[in-house]
Each structure stands twice: as structure tokens, then as C-alpha cells.
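Q: Could you take a close look at the salt bridges here, and walk me through them one by one?

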Amino acid sequence: MQKVAKFHKVSEKQFVADWRMAAKCTESEAKQVYQRIRLPRRATVGSAGYDFFAPEAFSLVPHETILIPTGICAEIADGWVLQLFPRSGLGFKYCLQMDNTVGIIDSDYIHAKNEGHIFVKMTNCNRQGKTLTVSAGEGFAQGIFLPYGITEDDDADGQRQGGLGSTTSK
């Protein structure tokens, strides 16, 4: 198996700022959450996906959305991309969906001003009235590393500056 990436925690300072923005909490509370962050990992030798673990417990009633700063960044080899999806079981049981359908983490995202901090925004889209509850430390999303190609006449020469959606703001 080819090794193409390494997960890291973002700095405490970056996480605290992002978590406070998303969770509307105190600095002290955000620092406590930071200490509990677990790096993504595969559950079995045959797993393609790396489970992302909830930094804090959350619940989503039907049609509710949540933004989760994961505290994670990924150092990814050139020619590879990390794609993020809901955990299969949560998608099947709750119709849990990523708000951008599939999260795309480019290899240069780690150089963004936000340290490449990976955020996950999800919505509980089920129609059966089921509330989704995820415990702190429980897997809620999964990431898969995939190779990608470029066209023969590719002329991209830009350098990443910002974070989410920054490469289309020209």
C-alpha cells in the first residue's frame, strides 16, 4: 500500500478560534475540546476510509445542519486528494449528508492561512423524524485518499492563500 499522507492536529490557537466561532463557547471550553481530538484512523486493514472522530458530542434533528471544526489537517503528497464523506452507516440510517456533497481536501490546503484546518458541514436529511446523536470521540465522517490527474495543457500556476473556496475567488 502506498503511503501518501499524514494527519496532524492544527495548533491549539487555530482550533480555539475556529471552535469558538462554530460552537459559541469560551476559550477554556474550546481548549478542553482540543485536548480530546483524535487523529483519523482506519478501523481495519481492509478499510479504505479514515474515520474522523467527533471532537464533542452533538445531536441533529431532521433538517438541522452542523459545522464541525475537526482540529485536523492533512499533509498530502502531490497528485493525491482527500475526499470526505459521512460514515456509511450514518448516511444509510439518517440520510446524513455533507452540505457540499463530497469534501475535497487538496494537497496544498495545508498551506492555507487556517493551517489547512478541515471543517465538516453536515445535515440530517431524514424524513422519518429520527434525531442523530454522535458521542464525543465517535466516528462521524470518513476520508479516502485518491490519486488524480491533470490535463496535458494544464497551466495552473497559482498559490493557495486562503481556505474554503479560496481558489475560485479570482
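A: Let's start with a term: buried means under 20% relative accessible area, exposed means over 50%, and partly exposed is in between (1.4 Å probe, protein chains only). This is a predicted model, where local features need pLDDT of at least 70 and side-chain atom pairs count only at pLDDT 80 or more, while totals for chains, interfaces and linings use all residues. Residues are numbered from 1 along each chain as its sequence is written, and side-chain values use heavy atoms, with hydrogens and water left out.

Now the pairs themselves. Side chains of opposite charge can pair when their charged atoms come close. To call something a salt bridge, we ask for a side-chain nitrogen of Lys or Arg within 4 Å of a carboxyl oxygen of Asp or Glu. That rule gives three salt bridges.

Take Lys 31 and Glu 27: their side chains form a salt bridge, with N and O 3.4 Å apart. Both residues sit in helix H2 (residues 27–35), four residues apart, which is about one turn of the helix. (Helices are DSSP runs of H or I with at least four residues, strands are runs of E with at least two, and both are numbered from the N terminus.) Lys 31 is partly exposed, at 33% relative accessible area, and Glu 27 is partly exposed too, at 39%.

Next up is Arg 36, which forms a salt bridge with Glu 56; their closest N and O atoms are 2.5 Å apart. Arg 36 lies in the loop between H2 and strand S2 (50–53), and Glu 56 is in the loop between S2 and strand S3 (58–60), so this pair ties together parts that are 20 residues apart in sequence. How open are these two? Arg 36 is partly exposed, with a relative accessible area of 41%, and Glu 56 also counts as partly exposed, at 31%.

That leaves Asp 51 and Arg 87, a salt bridge whose closest N and O atoms are 3.4 Å apart. Asp 51 belongs to strand S2, while Arg 87 lies in the loop between strand S6 (80–86) and helix H3 (88–94), so the pair links parts that are 36 residues apart in sequence.
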